[in-house]
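Thank you for making the time this morning. I would like to walk you through one structure, taking its chains in turn and then looking at a few side chains.

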Amino acid sequence: MAKNTFSSAFRKIDVDQYCEDNYREDDTDGGPTGPDENEVNSLLQKGKNLDALKLVLTNAPLGSKNQQTKDNALTLTLKVLLSIKPPQIEEAVSQLSPELLDVVMKYVYKGFECPSEGSSGHLLLWHEKIYNQGGVGCIVRVLSDTRRA
Amino acid sequence: MTEQHRFGTTIAPITCHAWNKNRNQIAISPNNQEVHIYEKSGSEWKITDNLSQHDLRVMGIDWAPNTNRIVTCSADRNAYVWNQDADKKWKPTLVLLRINRAATCVKWSPDENKFAVGSGARLVSVCYFESENDWWVSKHIKKPLRSTVTALDWHPNNMLLVVGSTDFKVRVFSAHIKDIEKVPEPTPWGSKTTLGTLLAEFSNSSAGGGWVQSVSFSPDGNKVCWVAHDSTINVADASKGNATIKMRTEFLPFMSCTWITNNSIVAAGHSCIPVLYHHTENGLVFSAKLDASQKKETGGLSAMKMFHSLDKQARSEVSDTSILSIHQNAITCICLYNGTKSNCTKFSTSGLDGLLVIWDLNSLERAIQGLKIV
């Protein structure tokens with residue numbers, strides 16, 4: 001067994017740097033460029049909040065390397081999430097496929113990360129409804145996925 | 001319905017376990033560098049041997065039923081093949097794995113003439129006995145593995161390996177050793193037989209998440225199922241052009257999975273319960289939780305008891321120190337106990353709670369309403 005020492009410097013040595021077959025992330029083909037802001041806004045104005053929700057989630061640029069695209073999508077998605085009134089949340093969640101449930105859960109957690117006035121309380125309601133449908137697996141997939149919102 | 005066993009006085013986690021052919025002996029590792037052999041006498045488990053050759057934690061054990069040999073691998077980068085002497089003691093033979101990272105998993109091939117060891121060195125060592133030199137040698141499968149191998153399983157034809165790793169991929173390789181074996185028949189996975197040929201590659205998720213925890217070949221060898229850390233269970237079918245099905249479950253991630261018929265899979269993991277899935281024409285279907293533990297009725301919760309508990313612990317119940325399942329912590333290992341992958345009737349699970357449970361599928365089928373194992 002290894003001896004206990006107080007030195008932990010060895011942990012910082014990158015022993016893998018001389019291997020040529022290190023793990024590399026798959027190259028992504030740019031990924032989706034994110035949802036169309038005008039289209040989403042016009043859907044919101046017409047009161048079609050559920051359609052707007054599906055639109056932002058299916059076009060979510062989770063694999064994108066462009067931080068600006070991701071930030072725009074996040075702002076837009078949070079706007080849609082917050083525009084859906086608490087009594088409608090359950091209906092909205094029930095219409096989402098398992099894949100989209102994972103995506104919306106990612107945005108809920110991201111929303112907790114950068115809160116605005118009154119947003120966290122609203123997102124907690126979303127969290128509760130998504131959890132009821134997707135179970136704890138939904139949360140695990142937010143944690144384990146390398147493509148963040 | 002289920003049998004529960006504990007070994008010795010230890011309550012340490014069981015890293016992994018393996019049964020002998022007659023199922024009256026078991027090899028377990030109590031989360032350290034030792035492997036303990038227990039033999040059943042009556043209703044008691046008696047320790048008969050302690051295999052203490054490894055220096056670091058044992059990661060995998062497999063017991064070859066017919067040749068009665070045990071192979072163990074460990075984080076100390078070594079594997080040993082154990083043979084039983086005339087005096088019933090187990091004697092080790094070192095295997096030359098030639099790896100510079102921990103060995104993580106080990107499996108005998110169905111014909112028991114070779115075994116495969118997965119490791120953190122991003123490779124699989126396929127080991128066989130070289131009679132000229134009287135030792136176990138290994139050949140490496142390297143490319144295109146890019147990360148630690150976490151799980152592997154043999155095809156029933158003794159020639160193919162399925163390998164799961166932390167680069168989120170599942171791969172099927174040819175593991176034919178031409179020095180000791182004849183050229184195999186082609187399978188739906190492909191006809192190339194050179195050792196290390198990549199026959200199929202599946203990505204666990206397009207979103208690049210969830211390392212692979214466990215893989216299993218179906219009994220007919222045409223399907224592969226795997227479970228990953230994103231709480232999914234997946235099946236790939238070679239007879240249907242490598243079509244894959246992914247099911248996002250509502251449970252915590254599974255750690256282990258195995259086929260119990262050609263269409264049914266048992267998976268278990270951090271949720272502490274084994275779960276049954278069916279693979280049908282229409283995809284994967286959740287069948288049942290096999291642990292039907294119910295909340296115990298507390299013998300009439302008296303008002304006084306409730307207020308007492310509220311006062312002392314700020315909760316109305318006192319009996320919530322255990323979870324509602326037989327296993328009280330994550331299940332890490334599933335082994336077949338009775339039958340084969342095509343007609344399993346009993347299987348065993350062990351986990352971090354140090355408990356070994358034997359599940360009887362026939363009696364579970366009668367006890368759980370609507371459960372039908374096909």
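Reading chain A from the N terminus, the elements run α-α-α-α-α-α, and the count for this chain is accordingly six helices and zero strands. Please keep in mind throughout that this is a predicted model.

If we take the contacts in chain A between residues at least 6 apart in sequence, 75% of them join residues at least 24 apart.

One residue to look at here is A:Lys129, which sits in helix α6, residues 119-144 of chain A. Is this lysine buried or exposed? Its relative accessibility is 19%, and because the cut-off for buried is under 20%, A:Lys129 counts as buried. Setting aside neighbours within four places in sequence, A:Lys129 is in contact with A:Ile89, A:Glu90 and A:Val93.

Let me turn to chain B, where an open sheet of four strands has the order β14-β15-β16-β17, with antiparallel pairing. Strands β14 (149-154) and β17 (198-203) of chain B stand at the edges with a single partner strand each, so one side of each is left without a neighbour in the sheet. Neighbouring strands of this sheet are turned by 15 degrees against each other on average, direction ignored. Within the sheet, β16 of chain B, residues 169-174, pairs with β17(B) in the antiparallel sense over five bridges, and B:Val170 stands opposite B:Phe202 in β17(B).

Finally, the aromatic rings, for which the count over all chains comes to 19 pairs. B:Trp19 and B:Tyr337 form an edge-to-face pair, at 4.8 Å centre to centre and with 75 degrees between the planes. This pair links distant parts of the chain, since B:Trp19 lies in strand β2 and B:Tyr337 in strand β26 of chain B, 318 residues apart, and both residues are buried. By contrast, B:Phe347 and B:Trp359 form a stacked pair, with 6.2 Å between centres and 15 degrees between the planes. To close, B:Trp19 and B:Tyr337 also belong to one aromatic cluster together with B:Phe7, B:Tyr38 and B:Trp45.

Methods: Residues are numbered from 1 along each chain as its sequence is written. Chains are lettered from A and ligands numbered from 1 in the order in which they are written. This is a predicted model: local features need pLDDT of at least 70, side-chain atom pairs count only at pLDDT 80 or more; totals for chains, interfaces and linings use all residues. Side-chain values use heavy atoms; hydrogens and water are left out. Two strands pair if DSSP finds at least two bridges between them. Helices (H or I, at least four residues) and strands (E, at least two) are DSSP runs, numbered from the N terminus. Axes are lines fitted to C-alpha atoms, for helices over the stretch in contact, and angles run from 0 to 180 degrees between N-to-C directions. Buried means under 20% relative accessible area, exposed over 50%, partly exposed in between (1.4 Å probe, protein chains only). Contact means heavy atoms within 4.5 Å. Rings of Phe, Tyr and Trp (its six-membered ring) pair if their centres lie within 6.5 Å; planes under 30 degrees apart count as stacked, over 60 as edge-to-face and the rest as tilted.
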